[in-house]
Amino acid sequence: MPVLPRPDACRGCSLDPIAYGFAPPEGPTTSPLLFLGEALGGTEAAVGRPFVGDAGGMLTRLFRLLGWQREDHRIGNCISCRPPNDWMDGNPQAPWFHSSIEHCGVYRRRLFEEPHKVVVTLGGTALRTVMELLGHKKIRVNDFHGSVLRD
């Protein structure tokens, strides 16, 4: 399966010349739940779908345990491509970390305009990104682990 080319909106991003692949969010835009991860891994970038690698296998197993179908939920990432050597991994020291999250906001804004009732953040980068949208700039992920927040 060929790697999906990145859309024109990716031009100008610090990751565009060095990243691999592209995966748009998938699942119904009307799903009450949005699952938001960090960035693509190798499998996701190669296949063009979010959460189909190791983390996706874990998410799919969790859905099965709950009696849910993956196809019933919206799934996306903060970054829609794969950074070199997966160097994002919640690491604000990655030279493209902040600029790529900001640039990829063009795709994320569309997700947040959809009528999801709950956003489930999968990882620190996703949590920080959502919290910054809500006006919380400096957060410690450990302070929110396992928390339910309303806004």
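This is a predicted model: local features need pLDDT of at least 70, side-chain atom pairs count only at pLDDT 80 or more; totals for chains, interfaces and linings use all residues.
View 1. S80 counts as buried because its relative accessibility is 4%, and buried means under 20%.

**View 2. N85 and D86, two residues with positive phi that are not glycines.** Most residues other than glycine have a negative phi. N85, however, has a positive phi of about 55°, and D86 has a positive phi of about 60°. N85 lies in the loop between β2 and α3, and D86 is found in that loop as well. N85 is exposed, with a relative accessible area of 75%, while D86, at 34% relative accessibility, counts as partly exposed.

**View 3. S100 in helix α3.** Helix α3 covers residues 97-103, and S100 is part of it. Is S100 buried or exposed? With a relative accessible area of 1%, S100 is buried. The side chain of S100 reaches the backbone oxygen of W96, at a distance of 2.6 Å. Leaving aside neighbours within four places in sequence, the residues in contact with S100 are C13, S14, L15, I79 and M88.

**View 4. The largest nonpolar core and L36.** In soluble globular proteins, nonpolar side chains tend to be buried together. Here the largest nonpolar core has 21 residues, and those with the most contacts inside it are L15, L36, I79 and M88. At least two residues of this core come from each of β1 (33-37), α3, α4 (105-113) and α5 (124-133). Apart from this core lies another, made of 6 residues, among them L33, F51, F63 and I75. The contacts of L36, leaving aside its neighbours within four places in sequence, include G76, N77 and C78, together with L111, F112, V119 and V120, and also T121, L122, A126 and V130.

**View 5. Helix α5 and the segment that comes after it.** The buried residues of α5 are T125, A126, L127, T129, V130 and M131. An α-helix has 3.6 residues a turn, so residues three or four places apart point the same way. Which elements do the buried residues of α5 pack against? They pack against β1, α3, α4 and β3 (118-121). α5 is followed by G135, whose phi is positive, near 95°. I139 lies in the segment after α5 and, at 16% relative accessibility, counts as buried. Although I139 and R128 are 11 residues apart in sequence, their C-alpha atoms are 7.0 Å apart in space.

**View 6. The largest cavity and the residues that line it.** Rolling a probe the size of a water molecule over the atoms shows where empty space is left. How many cavities of 30 Å³ or more are counted in the model? The count comes to 1 cavity, and the largest cavity has a volume of about 80 Å³. Its lining consists of 14 residues, of which R6, C10, C13, C81 and C104 lie nearest the centre of the cavity. Sorted by class, the lining of the largest cavity has 9 nonpolar, 3 polar and 2 charged residues.

How values were computed
Residues are numbered from 1 along each chain as its sequence is written. Side-chain values use heavy atoms; hydrogens and water are left out. On a 1 Å grid over the protein atoms alone, a cavity is a set of points where a 1.4 Å probe fits but cannot get out, and a pocket is an open set with protein on both sides within 12 Å along at least five of seven lines; lining residues have an atom within 4 Å of a point. Grid points are joined across faces, edges and corners, and a volume is the space filled by probe spheres set on the points. Ala, Val, Leu, Ile, Met, Phe, Trp, Tyr, Cys and Pro count as nonpolar, Asp, Glu, Lys and Arg as charged, and the others, Gly among them, as polar. Helices (H or I, at least four residues) and strands (E, at least two) are DSSP runs, numbered from the N terminus. Buried means under 20% relative accessible area, exposed over 50%, partly exposed in between (1.4 Å probe, protein chains only). A polar contact is a pair of N or O atoms within 3.5 Å; within protein, one must be able to donate a hydrogen and the other to accept it, and residues adjacent in sequence count only if both atoms are side-chain atoms. Contact means heavy atoms within 4.5 Å. A nonpolar core is a set of buried Ala, Val, Leu, Ile, Met, Phe, Trp, Tyr and Cys residues joined through side-chain atoms within 4.5 Å.
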